[in-house]
Amino acid sequence: MRFHKTILALCTVLAVSGCVTKQTYDKEAQLAAEYSALNKKLSTELSGDRVEITQLQNELKVTMVNEILFPEGDWRLSRKGEQTLAKIAPTLSNLQGKQVVVQGFTDSEPIGPALKAHFPSNLELSSARADNVARYLTSKGVPSNTISAQGFGDARPVASNATAEGRAKNRRVEIVITAAGRP
């Protein structure tokens, strides 16, 4: 009998710990609705540009391949890159309670001699690209206390580096929008 009571108590604890309060559920539903509206707005602003917007549970991710933002083999924004970022800067500057993280990525190819003069590796190159995107967005009104930049080099590929097409997908910048205070 004691065994059954212990099992019953354990099952009750597990069942209760898996429950979500109405307040938590409402907050998550509101966040999902905010991301959905933001997704639609950014999709409209970036229509025609080769940009992918992905809505995840707790974030919205805008992915741009490097050729949209940077001349080949460079870390400084191209005119086209500035124009693309200028389209979304007003939306990003008006976000309430959100954090914007600019993430830079490269392929696994070693950097060439021209870039080697400025950057010892892909990690520093990806960081410089992310920094330049964040700096530009800040210059267009995105509050500096809501934006940060990270470089990952070739550490997080989304495609195989064995093909030119895969390497092109890996050379990218992602703008990740999350609720402030969330990991």
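**Ring contacts and strand pairing**

In this predicted model, Arg 76 lies over the face of Trp 75, at 4.2 Å from the ring centre. A charge is taken to sit over a ring if NZ of Lys or CZ of Arg is within 6 Å of the ring centre and within 35 degrees of the ring normal. Residues are numbered from 1 along each chain as its sequence is written, and side-chain values rest on heavy atoms, with hydrogens and water left out. Because the model is predicted, local features need pLDDT of at least 70 and side-chain atom pairs count only at pLDDT 80 or more, whereas totals for chains, interfaces and linings use all residues.

The chain contains seven helices and five strands; these elements are DSSP runs numbered from the N terminus, helices being H or I with at least four residues and strands E with at least two. Their order along the sequence is α-α-β-β-α-α-β-α-α-β-α-β. Of the 183 residues, 39% count as buried, a term that denotes under 20% relative accessible area, as against over 50% for exposed and values in between for partly exposed (1.4 Å probe, protein chains only). Contacts are defined by heavy atoms within 4.5 Å. Among contacts between residues at least 6 apart in sequence, 68% join residues at least 24 apart.

Two aromatic pairs are found in a search of the whole structure. In one of them, the ring centres of Trp 75 and Phe 119 are 5.0 Å apart and the planes stand at 85°, so the pair is edge-to-face. Trp 75 belongs to the loop between α3 and α4 and Phe 119 to the loop between α5 and α6, so the pair ties together parts that are 44 residues apart in sequence. Trp 75 and Phe 119 are both buried. For Phe 105 and Phe 152, the ring centres are 5.3 Å apart and the planes are at 10°, so this pair is stacked. Distant parts of the chain are linked here as well, with Phe 105 in strand β3 and Phe 152 in the loop between β4 and α7 (164–170), 47 residues apart. Phe 105 and Phe 152 are likewise buried. In these assignments, rings of Phe, Tyr and Trp (its six-membered ring) pair if their centres lie within 6.5 Å; planes under 30 degrees apart count as stacked, over 60 as edge-to-face and the rest as tilted. The face of Phe 105 also carries a charge, as Arg 172 lies over it at 3.8 Å from the ring centre.

Arg 172 is part of strand β5 (residues 172–179), in which eight of eight residues are buried. Both faces of β5 are covered, with Arg 172, Glu 174, Val 176 and Thr 178 buried on one side and Val 173, Ile 175, Ile 177 and Ala 179 buried on the other. Strands are treated as paired if DSSP finds at least two bridges between them. Strand β2 (residues 59–65) runs antiparallel to β5 and is joined to it by seven bridges. Strand β3 (residues 98–105) is also antiparallel to β5, with eight bridges; in this pairing, Gln 99 has Thr 178 as its bridge partner. Five bridges connect β3 with β4 in a parallel arrangement, where Val 100 stands opposite Ile 147. Seven of the eight residues of β3 are buried, so this strand is largely enclosed by the rest of the structure.

Within β5, Glu 174 is the bridge partner of Thr 63 and stands opposite Gln 103. Glu 174 is buried, with a relative accessible area of 6%. Its side chain makes a polar contact with the side chain of Arg 172 (2.9 Å). Such a contact is a pair of N or O atoms within 3.5 Å; within protein, one must be able to donate a hydrogen and the other to accept it, and residues adjacent in sequence count only if both atoms are side-chain atoms. Beyond residues up to four places away in sequence, Glu 174 touches Lys 61, Val 62, Thr 63, Val 101, Val 102, Gln 103 and Phe 105.

Helix α6 (residues 122–139) has 18 residues and reaches 26 Å from its first C-alpha to its last, close to the expected 26 Å, a span calculated as 1.5 Å times one less than the number of residues. Its buried residues include Leu 125, Ala 128, Val 133 and Leu 137. The elements covering the buried residues of α6 include α3 (66–69), α4 (79–93), α5 (113–116), β3, β4 (147–151) and β5. Just after α6, Gly 141 adopts a positive phi of about 110°.
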